[in-house]
Amino acid sequence: MRTPARRTRARAAVFAASTALLLGLAAVPAAHADGARHRAATLDDLAQRTGRYFGSAVDNPELDDTAYADLLGSEFGATTPGNGMKWYATEPRRGVFDFTAGDEIVAYAKAHHLKVRGHTLLWHSQLPSWLTDGTWTADELRSILKNHITTEVKHYKGKVFAWDVANEIMNEDGTYRENIFYKTLGPGYIADALRWAHAADPKVKLYLNDYNVEGLGAKSDAYYALIKQLKADRVPIDGFGMQAHLALQYGFPSDMRGNIQRFADLGLDVAITELDVRMILPADTAKLTQQADWYAQVTDACLAVRRCVGITLWGYSDRHSWIPSVFPGQGAALPWDENLQRKPAYDAIAGALAAAASSATGH
Ligand code: G3I
């Protein structure tokens, strides 16, 4: 039997070989007699051949990094604003909306033919202080929440294809997170939020989104039960977002493919919404090889389930990542390094996508 480490190494070698084989000349810019050059197949090109998208989040200041923004625009087919559509940014004063940051990303996305995931209408974090510092009756808070959701969803109607309506509403043990909305309104705020979002834009896909729900466990069980109930109650919900902020030191989520499948079987789309795979620094070859294997495993898990519609990285390069400031001593989490050079994870993702793309197209 192969040890996990040997299996990882063997898998990485297979990826490198299969990527080269499957991508063939498409991966290498090829000179033509007329001087035209083939563009290399991007991650999104490969994902599209399987009927999916491949995206990366972006935070507004990163758009000023031209090299970074250019690669975002050419490699990916979807983006998510890292902060620009959150409540603190969009309604900094009660009833006063500011869509500057989100609009900037929508404009960039339009110019580069990326679609946009809206993130997020409701979250316990990054709320404006007028909201968290206030004391609200249930009626007041319900009206504030309804107005926020309605105004933001209407503003981005036709400009985003999906919304993370409610973000991180469960605790690790599967109980409801006691955020300001739960404490004042009870758990019914979730169905209300979905209904208000649907009323504002009946076509946009509505998601619940969280971390540590990629594998089977108490937290994903709680979402499974909640979404089953929402469906039974005919509450509009289209998808479940698995953030997938993974860390090598904590092990790969258990039965990710089976977990994606059970949500799909509820009649939902599933999306991998914020993928990154961090490690304890410094990075070394063994960790980068294991990281590549995990990226491939996540990609394979999504590709195995028809209703897993796409994968979004939470930023694509170690040059811009939320991790080092939140988890000091950890990082190197993304498939491109600080110099925008591809890491083994890139080849692993491309290999997994290319294998599925070639079987999808019969080549
Ligand atoms: O805007 C201020 C700026 O004025 C100030 O100078 C600067 C100094 O630190 O801080 C800026 O705010 C930062 C904000 O991002 C905008 O850049 C906050 O400190 C920082 O904490 C905040 O981090 C964001 C984090 O959510 C907040 O929890 C990350 O960029 C963002 O990537 C991250 O994204 C979340 C998803 O929304 C939900 N899932 C988890 C994911 C990672 O935490």
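The exercises below work through a predicted model of one protein, each with a solution in steps.

**Exercise 1. Overall make-up**

State how many helices and strands the protein has, and what share of the residues is buried.

Solution. Start with the secondary structure: the protein has 14 helices and ten strands. Next comes burial: of the 363 residues, 54% are buried. Then turn to contacts between residues at least 6 apart in sequence: 76% of these contacts join residues at least 24 apart.

**Exercise 2. The largest pocket**

Describe the volume and lining of the largest pocket.

Solution. The volume comes first: the largest pocket holds about 840 Å³ of space. Its lining consists of 42 residues, and Y211, Q243, H245, E274 and W322 are those nearest the centre. The next step is to ask which elements contribute. At least two lining residues each come from β1 (53-58), α10 (218-232), β7 (245-247) and β8 (269-280). Finally, sort the lining by type: 16 residues are nonpolar, 17 are polar and nine are charged.

**Exercise 3. The largest cavity**

Find how many cavities of 30 Å³ or more the structure has, and list what lines the largest cavity.

Solution. A search of the whole structure gives one cavity of 30 Å³ or more. The volume of the largest cavity is about 40 Å³. Around the largest cavity lie K86, W87, T120, L121, L122, W123, S125, Q126 and L127. Strand β3 (residues 115-122) contributes the most to this lining, namely three residues. By type, the lining has five nonpolar residues, three polar and one charged.

**Exercise 4. The surroundings of Y189**

Decide whether Y189 is buried or exposed, and name its contacts beyond four places in sequence.

Solution. Locate the residue first: Y189 belongs to helix α9 (residues 188-200). The relative accessible area of Y189 is 1%, so Y189 is buried, the cut-off being under 20%. Beyond its neighbours within four places in sequence, Y189 is in contact with L122, L145, I169, N179, F181 and Y182.

**Exercise 5. Two aromatic pairs**

Classify the pair Y176 and Y182, then the pair Y224 and F263.

Solution. The structure has 19 aromatic pairs. In the pair of Y176 and Y182, the centres are 5.4 Å apart and the planes make an angle of 25°, which puts the pair among the stacked ones. Y176 is partly exposed at a relative accessible area of 24%, and Y182 is partly exposed at 23%.

For Y224 and F263, the ring centres are 5.7 Å apart. Their planes stand at 80°, and over 60 degrees counts as edge-to-face, so this pair is edge-to-face. Now place the partners in the chain: Y224 is in helix α10 and F263 in helix α11 (residues 256-264), 39 residues apart, so that the pair links distant parts of the chain. Y224 is partly exposed, with 24% relative accessibility, whereas F263 is buried at 0%.

Methods. Residues are numbered from 1 along each chain as its sequence is written. This is a predicted model: local features need pLDDT of at least 70, side-chain atom pairs count only at pLDDT 80 or more; totals for chains, interfaces and linings use all residues. Side-chain values use heavy atoms; hydrogens and water are left out. On a 1 Å grid over the protein atoms alone, a cavity is a set of points where a 1.4 Å probe fits but cannot get out, and a pocket is an open set with protein on both sides within 12 Å along at least five of seven lines; lining residues have an atom within 4 Å of a point. Grid points are joined across faces, edges and corners, and a volume is the space filled by probe spheres set on the points. Helices (H or I, at least four residues) and strands (E, at least two) are DSSP runs, numbered from the N terminus. Ala, Val, Leu, Ile, Met, Phe, Trp, Tyr, Cys and Pro count as nonpolar, Asp, Glu, Lys and Arg as charged, and the others, Gly among them, as polar. Buried means under 20% relative accessible area, exposed over 50%, partly exposed in between (1.4 Å probe, protein chains only). Contact means heavy atoms within 4.5 Å. Rings of Phe, Tyr and Trp (its six-membered ring) pair if their centres lie within 6.5 Å; planes under 30 degrees apart count as stacked, over 60 as edge-to-face and the rest as tilted.
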